[in-house]
Structure formats: C-alpha cells, structure tokens
Amino acid sequence: MPPFLLSSLLQDGYTYCLIEDSIAHSERPLLHALVSHFSDRFDQVHVFSTETNPKDVRNGTFNSEVAHKLTVHDFWTDPVGWRGTSNGESSLRLDSTDNTLLSVVQSSLGAAPCRVAVVIDTISSFLSYRTDHQIATEISSLISAADDISEIQSITVFGLLHSSLHSTKTLRAVRYQARIQVNLLLESARSSSLRDAQGVYEVSVQKKNGKVKRQKEVYHISDSHVISTALHEQHHEIYEESQPDPTANLTFNLTLKDSEKLAKENVVLPYTSKQEQPKPDHGQIFYEPDDADDFDEEDPDDDLDI
C-alpha cells in the first residue's frame, strides 16, 4: 500500500499542498524532495524564494531532473525595495501588490500549454507585508489558473508556512483552500528504524465529499526522493503525566457500597408509586416521564450547563 501523502498527491484534483513546520523541524528538505519526487509530472517548476539566496536554490537544491525546468523568482535580494535596481534589473518585492503570485508565474510562461509546479518558500514572508485575505486570494488564483490561462495545462502549488508565527485567524485563512496539509511533528520513538528517519509528519487529506482522513508517516529522503511509511501507534513513546486523585483525602465518601447501591435502587420515587395504586372513581393526576427524565441519575444537576 503506497504512503498516504504520496498517493494523495498522485490523485487528480489535489492542486494545493500546505506544509507547516516549527523551529526545531524545518520543512524545506521535505518540500524540495517532494518536488523532485514528482518532477516527471511537471514541465516547469517556479520557486518563490524569500528566505534563501536564489543562487543557492539554483545550485544543488533540486536534482538534475528539476534543474533544467527551474525558474527562481527572487523575493530575497530586495524584499522591500531599499536597494533599488541592480545592473538594470530590480528584484521582486514582498510589499508590492502589483507582483501577485499568478502574474509572476504568468510572465515566465511560454506559448505552449505546460504543466506547472509552484513552490512558495515561504508564505510566512508574504504574510509579513500582505494581509491574509490578499494571500488567500492570490493562492486561490494560482489554484484555478489552469481554468483561466490557456498556457497552463495543470498546476500544483506547494506552500511552506511557519505556523507558530501567525494568529489562528491567519492560519484558518491559509489552510482553508489546502486539500492536503502536512504538519511536521517532533516524535520520540523507541524503534531503531524511526531513529534513522529524518522526521515524522501528520498528513490530512480532505476528500471531495468533505471527509478528512489523517495519518502519521515516517519519512526518509534518499537521492532527492521521499520514502515514507505509515507510523503505527505502538511505535510511539506515549508520555502520560500522572494526575493527582481529587478524591484521595476527602473527609466524606463519594462512592457507594453494594448494599448502598441496592438500597438506592429500591427507593420508591414520587408519582410512580401513585400510578401503580388502584385507580379511584373520581379524577386523578397522571405523570408520564419525559425522555430527558432520569429517575436513577448519579448527578441530580447533570442537566445543568455548569
């Protein structure tokens, strides 16, 4: 059975994969390996470089199969326009809404329709200068580009996000359109095979019917390819903090003995005993219990929202 993440990316209709990392576990190696792994599915690979020198991205980041398809868009050299032009050329700016993600990709397309991969490294850099609504709108335009632009036959977007830097509102806006979400985890494992792994991630895939499937996987990177296997719960070290028993040192007893439970069950409740008596000839009151009534409830106040 193929790994969940890789098999999901192979399916049609999944055009946006969002990878979230932390300070202790960088997502960049996994992202680059994923793009290289599926390089045969793309004719062009566009990288928005915001945290890495574009020269380093061109030299050695991807394998040879991607190198000749690679176009690096430089948002790193002069992100806010302080340096101005250099050799008659100016780098792209993070704070300029004129350079939308789609327009930058579209400016580098040829005349023939092609299959495009877009790597946003990272979305967090853009969110420092643009609102979450602007970024969500631009990503949405990228995802639907194949329907609007004849030069794009198909498109797959890989986005990197430093989730610890953003508010819940911003994260919700960025995650909303991602049918595939990869969250890199910090796992401690007993298995020697897991110790050799480069990391563990949890992948969430939203199906077309709205259902979400989740699975934890262990991954290795070998020759710019991702090798991942499902992580079973028995491989985890599960840490449970011992919680103090709140009933340990009470001056009264909260539990019932068997004899006390029996006495409680034999208590005749009001109304019910009256209904079992012979019916008189004159008028009488009938009490019919509701579905919410519980004559043997442990907590008499459990229907209260406390």
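Rings of Phe, Tyr and Trp (its six-membered ring) pair if their centres lie within 6.5 Å; planes under 30 degrees apart count as stacked, over 60 as edge-to-face and the rest as tilted. By that rule, ring pairs join F48, F75 and F126 into a cluster.

This is a predicted model, in which local features need pLDDT of at least 70, side-chain atom pairs count only at pLDDT 80 or more, and totals for chains, interfaces and linings use all residues. Residues are numbered from 1 along each chain as its sequence is written, and side-chain values use heavy atoms, with hydrogens and water left out.

Start with the rings. The whole structure holds five aromatic pairs. One of them joins F42 and F158 edge-to-face, with 6.4 Å from centre to centre and 85 degrees between the planes. This pair links distant parts of the chain, 116 residues apart. F42 sits in the loop between helix 2 (28-37) and strand 2 (44-49), and F158 sits in strand 5 (residues 152-162). Helices (H or I, at least four residues) and strands (E, at least two) are DSSP runs, numbered from the N terminus. F42 counts as buried because its relative accessibility is 3%. F158 is buried too, with a relative accessible area of 1%. Buried means under 20% relative accessible area, exposed over 50%, and partly exposed in between (1.4 Å probe, protein chains only).

The rings of F75 and F126 have centres 5.0 Å apart and planes at 70 degrees, so this pair is edge-to-face. The pair also links distant parts of the chain: F75 is in the loop between strand 3 (70-74) and helix 5 (101-106), F126 is in helix 6 (residues 123-127), and they are 51 residues apart. Both F75 and F126 are buried.

Now turn to strand 9. S228 lies there. With 6% relative accessibility, S228 counts as buried. Its side chain makes a polar contact with the side chain of Y201 at 3.5 Å. The S228 side chain also makes a polar contact with the side chain of E217, at 3.4 Å. A polar contact is a pair of N or O atoms within 3.5 Å; within protein, one must be able to donate a hydrogen and the other to accept it, and residues adjacent in sequence count only if both atoms are side-chain atoms.

L254 lies between strand 9 (225-230) and helix 11 (258-265). L254 counts as exposed, at 56% relative accessibility.

Last, the cysteines. C17 is buried at 0% relative accessibility. C114 is buried at 7%.
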